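Please brief me on this model. Cover the disulfides, the aromatic pairs, the sheet and the nonpolar cores.

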Amino acid sequence: MPLCRSTTQTGCVVTWASYRDHAPPPANGLFGRSPDPAMEAGCTNLARLEGGTALLDGVFGFPWWVKGVVQYRAPATGWSAAGAAMPTRFARIPGLVSGECVARGDFSYLAVHIEPGIAAGLGDYVMGPDTVGDVAYPNWGMHVLDVTLVQNDLVRLVARQAGAWHLPR
């Protein structure tokens, strides 16, 4: 199956492995390469399937756990944006992250850029030193955040592809 390169393309695959743009996969990286040297891992940027850099529309949760592993921690005093307490433990932070599929060495991956200063320091907190993945497990990259980073992009893509898909008659 081909990689999806259009929002109305059907019968295609989306796949990505996320690493920070300034911390590419190490030699022992677990994601973003094929175990078969004759094959290349695919990468699709859900925010711009045709390629290039685009802002990612993620949904972040505070705190968030997966099988007992904290992906990122809630601040001890609670958290807020622009000085207002947030009534939900999920938030979108527009402009915080962007991504671009890149190929370097044996790896093809979504290089994620964190925009400094977004949301009065909340961005540094969300993607800061308490983020599991690229800090605690460098060979994982940002794997534990793969879906979080593009959640709304993925929902929009599924809706567009569903609208473009037709049953054979």
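The points below are grouped by topic.

This is a predicted model, where local features need pLDDT of at least 70, side-chain atom pairs count only at pLDDT 80 or more, and totals for chains, interfaces and linings use all residues. Residues are numbered from 1 along each chain as its sequence is written, and side-chain values use heavy atoms, with hydrogens and water left out.

**Disulfides**

- The structure holds 2 disulfides (cysteine sulfur atoms within 2.5 Å).
- Cys4 is bonded to Cys12, with an S to S distance of 2.0 Å.
- The torsion about that S-S bond is about 95 degrees, so the disulfide of Cys4 and Cys12 is right-handed.
- Cys4 is buried at 1% relative accessible area, and Cys12 is buried at 16% (buried means under 20%, exposed over 50%, partly exposed in between, with a 1.4 Å probe and protein chains only).
- Cys43 and Cys101 form a disulfide with sulfur atoms 2.2 Å apart.
- The link of Cys43 and Cys101 is left-handed, at -75 degrees about the S-S bond.
- This pair links distant parts of the chain: Cys43 sits in the loop between β1 and β2, Cys101 in strand β9 (residues 97-104), 58 residues apart. Helices (H or I, at least four residues) and strands (E, at least two) are DSSP runs, numbered from the N terminus.
- Cys43 is buried at 8% relative accessibility, whereas Cys101 is partly exposed at 26%.
- In sequence order, the bonded cysteines of the chain pair 1-2, 3-4.

**Aromatic pairs**

- The whole structure contains 2 aromatic pairs. Rings of Phe, Tyr and Trp (its six-membered ring) pair if their centres lie within 6.5 Å; planes under 30 degrees apart are stacked, over 60 edge-to-face, and the rest tilted.
- Tyr19 and Tyr109 are edge-to-face, 5.5 Å centre to centre, with 75 degrees between the planes.
- Tyr19 lies in strand β1 (residues 18-20) and Tyr109 in strand β10 (residues 107-114), so the pair ties together parts 90 residues apart in sequence.
- Tyr19 is buried at 1% relative accessibility, and Tyr109 is buried at 0%.
- Phe31 and Trp140 have ring centres 6.2 Å apart and planes at 85 degrees, so this pair is edge-to-face.
- Phe31 is in the loop between β1 and β2 (54-55), and Trp140 is in the loop between α1 (122-126) and α2 (146-164), 109 residues apart.
- Phe31 is partly exposed at 24% relative accessible area, and Trp140 is partly exposed at 29%.

**Sheet**

- An open sheet is formed by 4 strands in the order β1-β10-β9-β2, with mixed pairing (two strands pair if DSSP finds at least two bridges between them).
- β1 and β2 stand at the edges with a single partner strand each, so one side of each has no neighbour in the sheet.
- β1 and β10 run parallel and are joined by 3 bridges.
- Opposite Tyr19 stands Ala111 in β10.

**Nonpolar cores**

- The largest nonpolar core has 20 residues, and those with the most contacts inside it are Val97, Leu110, Val112, Leu149 and Val150. A core is a set of buried Ala, Val, Leu, Ile, Met, Phe, Trp, Tyr and Cys residues joined through side-chain atoms within 4.5 Å.
- β10 and α2 each supply at least two residues of this core.
- A second, separate core of 6 residues includes Ala17, Tyr19, Phe107 and Ala111.

**Asn152**

- Asn152 is found in helix α2 and is buried at 18% relative accessible area.
- Asn152 touches Asp57, Val59 and Arg92, not counting residues up to four places away in sequence (contact means heavy atoms within 4.5 Å).
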